[in-house]
Amino acid sequence: MSVVTAPRRSAGRTARDRPPGPPDRGHGAWFLVLPALLPILLLSVGPLLYGLALAFTDAQSGRTKATSWIGTLNFQDLLHDTLFWESFRIGLLWAVGVTVPQFLLSLGLAVLLNQDLRLRWLARALAIVPWAMPQVVVGIIWRLVYNPDAGVLNETLHGLGLGDGRAWLSGLGTALPAVIVVGVWAGLPQTTVALLAGVQNTPRELHEAAALDGAGAWRRFRTVTWPALRPVALAITALDFIWNLNSFALVYVLTNGGPGGRTRLPMLFAYEEAFRYGQFGYAAAMGCVLVAVVSVLLALYLAGRLKEDR
């Protein structure tokens, strides 16, 4: 009896025999990302590149004035501009003076709001009230608080017998500390919300286990809460430092950079150069220097913190 055997298939497959592979989704992914990417390119990257190019020109206000390329002349002038570097020193004092107390107060408030307190929902709602207020409104309110004639602060001090008060926002020694207090108050909610989310993500079982081992409140915070909270703290302090160093509206409404330039932040200085004196190219160079310096400081800060976490 003869056995009929099927013809042997060749080891190689033809393109028709191969199973269809996954479709090429590269082009489709770009179409999905484009609606979110386009506003970033138009509203962030585009103006940034335009400002960078403007820094190498002598652009000034006025339609009749021609703009020409001057290379690095604006940056050379900035190196010898003592007023700009003084404003940058004030900006660093402002950023650190606001960020550090803001973080410490927000950390304490976040831990407190995480406790099982009566009317905790109301306390949490009141804690984010400053966040819902525009900075211009915050500045106007605090100008009324600091008013030397009928302000709440001076009236309170007078009622307590602590003197007749003073002109807080126009005094050379009190203007910057007074503005820093407002900055801490205005930025407290966003830092508190971020830290509160980190505290709530800490597993409750770890706290219970530490309590059974006899750990007190401080030890539980140091060994359980803080290690889980450290990444959130690293991110929010870095963001707060950038936001505070780039502040404009709050200080502009409170003091407009006075008295005598004691609260003139770098952003205020660049604003005055551009829109008061019409030096657009020089102001753009200031912005480029600020971006570069902030990027370097932030990179050093993050590198140090990440090295500690290893």
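Is Pro189 buried or exposed? Pro189 is buried, with a relative accessible area of 1%, where buried means under 20%, exposed over 50% and partly exposed in between, for a 1.4 Å probe and protein chains only. Welcome to a short tour of this predicted model, in which local features need pLDDT of at least 70, side-chain atom pairs count only at pLDDT 80 or more, and totals for chains, interfaces and linings use all residues. Residues are numbered from 1 along each chain as its sequence is written, and side-chain values use heavy atoms, with hydrogens and water left out.

**Overall build**

- The protein has 12 helices and 0 strands; helices (H or I, at least four residues) and strands (E, at least two) are DSSP runs, numbered from the N terminus.
- Along the sequence the pattern reads α-α-α-α-α-α-α-α-α-α-α-α.
- Of the 310 residues in the protein, 33% are buried.
- Contact means heavy atoms within 4.5 Å. Taking contacts between residues at least 6 apart in sequence, 66% join residues at least 24 apart.

**Pro189 and its surroundings**

- Pro189 sits in helix H7.
- Setting aside neighbours within four places in sequence, Pro189 is in contact with Ala127, Ile128, Pro130 and Trp131.

**The face of helix H5**

- Helix H5 spans residues 135-145, and its buried residues are Val138, Gly139 and Trp142.
- Seen down the axis of H5, these buried residues fall within an arc of 100 degrees, so they line one face of the helix; the arc is that of the directions from the helix axis to the C-beta atoms.
- As a reminder, an α-helix has 3.6 residues a turn, so residues three or four places apart point the same way.
- The partners for the buried residues of H5 are helix H7 (175-200) and helix H10 (249-254), against which they pack.

**Nonpolar cores**

- A nonpolar core is a set of buried Ala, Val, Leu, Ile, Met, Phe, Trp, Tyr and Cys residues joined through side-chain atoms within 4.5 Å.
- The largest such core holds 26 residues, and those with the most contacts inside it are Trp94, Val182, Leu250 and Leu254.
- Two or more residues of this core come from each of H3, H5, H7, helix H9 (217-245), H10 and helix H12 (280-309).
- H7 gives the most to this core, with 7 residues.
- Trp94, leaving aside its neighbours within four places in sequence, is in contact with Val179, Ile180, Gly183, Asn244, Leu245, Ser247, Leu250, Val251 and Leu265.
- Another core lies apart from the largest one and has 15 residues, among them Leu54, Ala59, Phe84 and Phe88.

**Ser87 in helix H3**

- Ser87 belongs to helix H3, which covers residues 82-113.
- Ser87 is buried, with a relative accessible area of 2%.
- Not counting residues up to four places away in sequence, Ser87 touches Arg264, Leu265, Pro266 and Phe269.

**The second largest pocket**

- The pocket search uses a 1 Å grid over the protein atoms alone: a cavity is a set of points where a 1.4 Å probe fits but cannot get out, while a pocket is an open set with protein on both sides within 12 Å along at least five of seven lines, and lining residues have an atom within 4 Å of a point.
- The second largest pocket has a volume of about 320 Å³, that volume being the space filled by probe spheres set on the points, with grid points joined across faces, edges and corners.
- Its lining consists of 16 residues, with Ala270, Ala274, Ala283, Ala284 and Gly287 nearest the centre.
- Helix H1 (26-54), helix H11 (266-276) and H12 each supply at least two lining residues, and the largest share, 6 residues, comes from H12.
- By class, the lining has 13 nonpolar, 3 polar and no charged residues; Ala, Val, Leu, Ile, Met, Phe, Trp, Tyr, Cys and Pro count as nonpolar, Asp, Glu, Lys and Arg as charged, and the others, Gly among them, as polar.

- Asn256 is partly exposed, with a relative accessible area of 35%.
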